[in-house]
Amino acid sequence: MADLIGLDEAEKLDVAQVHELYRKYVNRSQVRLMTSFGFGRDLVDHAEGAYVYTRDGRRILDFTGGVGVLNHGHNHPRILAARRRFQERRRMEVHKTYFSPYLAALGHNLAAVLPGDLTRSFVPNSGAEAVEGAVKLAYKYHGGARRRILRADNSFHGKLLGSGGLTGGTQNHFAFPTIPGIGTFSYDDLGSVRREIDASRDARGRSDVYALLVEPFSASTMRWCSEEFLRGLRELCTAEDIVLVFDEIYTGWGKTGSMFHFTRYDGLVPDVVTTSKSFGGGKSSVSAYVAREPVFRKAYDNMTDAMMQSTSTTYYGFGEETATAIEAIAIAVEDDYPARARALEAVLAPGLERIRKAHPDCVADVRGAGALFGVFLTGGPKVLDLIAKLPAGLAKDPLIRTKVVTAAVIDTLYRKHGIYTYNTLNGRSPLVVSPPLVAEPEDAERFLDALDATLEEGMTRLLGRFIRERVTSW
């Protein structure tokens, strides 16, 4: 009989035991990397709303927003009730030859929330799968006759072989094989898009680009496209019959102050939009792409190809996940999550600007919208000389100085003020301010007070303490 760890035993493991099991069975370097940046030293007992409660009794304000997953916060009561209902009634998860009322209703609801004729849905598990499904749809729409796809230079679309190749910026430092024909344009630069399209033309002037993929708001770099750029993309892609894909995996369901970031612009409709993260209400691993009617019909709406994209995937439209997503959408609409994001923005935007002006030696820039901001931190040259004490592997990272400065602030916010934040790995690696949309304005005020008090200590003191603690652990 195998010596298995049961559920009761797992829940009793202490942090040292968890680290050791990670080292043996998950990834030894992951433990060293995360603890080097101050993470992974506590275990969570439970979580509710905008707060997590650690094993040692601390109540931590979670301003990570679950990296986009937790618009609904932790364990939203309506999400829990929807999942209990599904389980208690012993509903069926799979068997694709039975049609699912949950998937049918979810498709309707997605179409009801999105503009124009974005009406045809595919519902896999992760954002990367939704992106790859959208790309596959665009390629099939052109019948394989076109071979080029364009992505932005700061893009993040996932880490699978296909979506990883479509991810730009600083995320890719190893050349995995990927889909062919990827071209890169400069984010928010319509001229660079035109140049890429023109470079792809054949001798008869026909474009070889089948799809263009872009994040209207780039959550990993805290940049966003101008309305002029997005409308220009729509006009250009229509003229060239290029499938325009908007990636709203992080920013969907109210995060930046509109239901999707692009929906703030009346009449702007991409050919495909992808969503995931908070689409599952913080409990469900579910994603979707939603396509315009003519694009989807040309690609898949025939007897030969009807099974090519949808029902042949094992976990496509999994029952409990789709039931959860139905409830997650209902909450976002009924509780007006875009308005909740704007209420948080009304506190965060001026507050972060005050902090930038009060601490110009620590804060280089602040950018964001709704409940999603980036604080770009910096420090003086003498302070940054401490980076030489890092392990050799980390010291080779071109962003390591910024990451350590930001990690020192994150660590102090957590240890001294009970506030949980994170930094991105793309772009300039800002500290991300991303409260769940169930957070209240007073939670935002608490965060601002804590950040101000942390920066008041001075970057030299913050970094010195942080690196001394890390050195003793190495």
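This is a predicted model: local features need pLDDT of at least 70, side-chain atom pairs count only at pLDDT 80 or more; totals for chains, interfaces and linings use all residues.

Guide: Along the principal axes, the C-alpha trace spans about 65 × 55 × 50 Å. A compact globule of 474 residues would have a radius of gyration near 23 Å, and the chain agrees with this expectation because its own value is 23 Å. Of the 474 residues, 52% count as buried. Among contacts between residues at least 6 apart in sequence, 74% join residues at least 24 apart.

The domain assignment divides the chain into domain 1, made of 36–68 and 337–472, and domain 2, which covers 77–335. The C-alpha centres of domain 1 and domain 2 lie 30 Å apart. Where the domains touch, 29 residues of domain 1 are in contact with 28 residues of domain 2.

We may now turn to the residue itself. His-142 is found in the loop that runs between helix H6 (127–141) and strand S5 (148–152). Is His-142 buried or exposed? His-142 counts as buried because its relative accessibility is 12%, and the cut-off for a buried residue is under 20%. Which residues does His-142 contact, once its neighbours within four places in sequence are left aside? They are Val-209 and Tyr-210, together with Asp-241, Ile-242 and Val-243.

Val-67 is placed in the loop between strand S3 (59–62) and helix H4 (77–88), and Lys-277 in the loop between strand S11 (272–275) and strand S12 (288–292). With a relative accessibility of 35%, Val-67 counts as partly exposed. Lys-277 is likewise partly exposed, with a relative accessible area of 25%.

Phi of Val-67 is near 50 degrees, a positive value in a residue other than glycine. For Lys-277, phi is also near 50 degrees and positive, again in a residue other than glycine. Most residues other than glycine have a negative phi.

Finally, a word on charge across the chain. There are 59 positive and 58 negative charges, and their mean positions are 4 Å apart.

Notes. Residues are numbered from 1 along each chain as its sequence is written. Side-chain values use heavy atoms; hydrogens and water are left out. The radius of gyration is taken over C-alpha atoms; the globule rule is 2.2 Å times the number of residues to the power 0.38. Buried means under 20% relative accessible area, exposed over 50%, partly exposed in between (1.4 Å probe, protein chains only). Contact means heavy atoms within 4.5 Å. Lys and Arg count as positive and Asp and Glu as negative; His and the chain ends are not counted. The place of a charge is taken as NZ of Lys, CZ of Arg, CG of Asp or CD of Glu. Domain bounds come from an automatic or database domain assignment. Helices (H or I, at least four residues) and strands (E, at least two) are DSSP runs, numbered from the N terminus.
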